[in-house]
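The following note sets out some points on helix packing and on one strand residue. Please read the points alongside the model.

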Amino acid sequence: MSDAVFHPDVDELPLSKVLAALADPARLAMVRAVAGTDGLSCTLLDRTAGLELSKSTLSHHQRILREAGITRTRIEGSRRVLTLRREELDARFPGLVAAVLASPTEPTRAAAKAAAAR
């Protein structure tokens, strides 16, 4: 298995694909979690984002974000670390990342479940 990870060129990113990736509340929570760091290990992403996801679902969401050009995955030994491609996205779509990060947060399933239990 190759250690190479596909990342699309920023010039090839369609706005529709970026917006579609950000439309999912779990992926939006993941982007917000990664945005507040210099890089976040994939194994800590769901907890940091306040999500309760299976490994396969988490991997799926990470792939969608990476293929949409929103995140970058780098390999550090046996770990994969996600970073937000903020500078590249800001150059391609000025103001988009700031608007996404400043928008009101939606409750995650875990938060909604906890609130319903009260």
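1. Contact is used here for heavy atoms within 4.5 Å. The model under review is predicted. On that basis, and leaving aside neighbours within four places in sequence, Thr83 is in contact with Val34, Asp38, Gly39, Ile70, Thr71, Arg72 and Arg74.

2. Thr83 belongs to strand 3, which covers residues 79-84. The relative accessible area of Thr83 is 16%. Because buried means under 20% relative accessible area, Thr83 counts as buried.

3. Val34, one of the contacts of Thr83, also takes part in the meeting of helix 2 with helix 3. From helix 2, Ala29, Met30, Ala33 and Val34 are involved, and from helix 3, Leu45, Thr48 and Ala49. Sorted by class, this contact has 6 nonpolar residues, 1 polar residue and no charged residues.

4. As to geometry, the axes of helix 2 (residues 25-35) and helix 3 (residues 42-49) come within 9 Å and cross at roughly 110°. Angles of 65 to 115 degrees count as roughly perpendicular, and helix 2 and helix 3 are therefore roughly perpendicular to each other.

5. Helix 1 spans residues 15-22, and Val18, Ala21 and Leu22 are buried in it. Viewed down the axis of helix 1, its buried residues fall within an arc of 95°, so they line one face of the helix. In general, an α-helix has 3.6 residues a turn, so residues three or four places apart point the same way.

6. Which helices do the buried residues of helix 1 pack against? They pack against helix 2, helix 4 (55-67) and helix 6 (96-102).

Technical notes: Residues are numbered from 1 along each chain as its sequence is written. This is a predicted model: local features need pLDDT of at least 70, side-chain atom pairs count only at pLDDT 80 or more; totals for chains, interfaces and linings use all residues. Side-chain values use heavy atoms; hydrogens and water are left out. Helices (H or I, at least four residues) and strands (E, at least two) are DSSP runs, numbered from the N terminus. Buried means under 20% relative accessible area, exposed over 50%, partly exposed in between (1.4 Å probe, protein chains only). Axes are lines fitted to C-alpha atoms, for helices over the stretch in contact, and angles run from 0 to 180 degrees between N-to-C directions. Angles under 35 degrees count as roughly parallel, over 145 as roughly antiparallel, 65 to 115 as roughly perpendicular and the rest as oblique. Ala, Val, Leu, Ile, Met, Phe, Trp, Tyr, Cys and Pro count as nonpolar, Asp, Glu, Lys and Arg as charged, and the others, Gly among them, as polar. The arc is that of the directions from the helix axis to the C-beta atoms.
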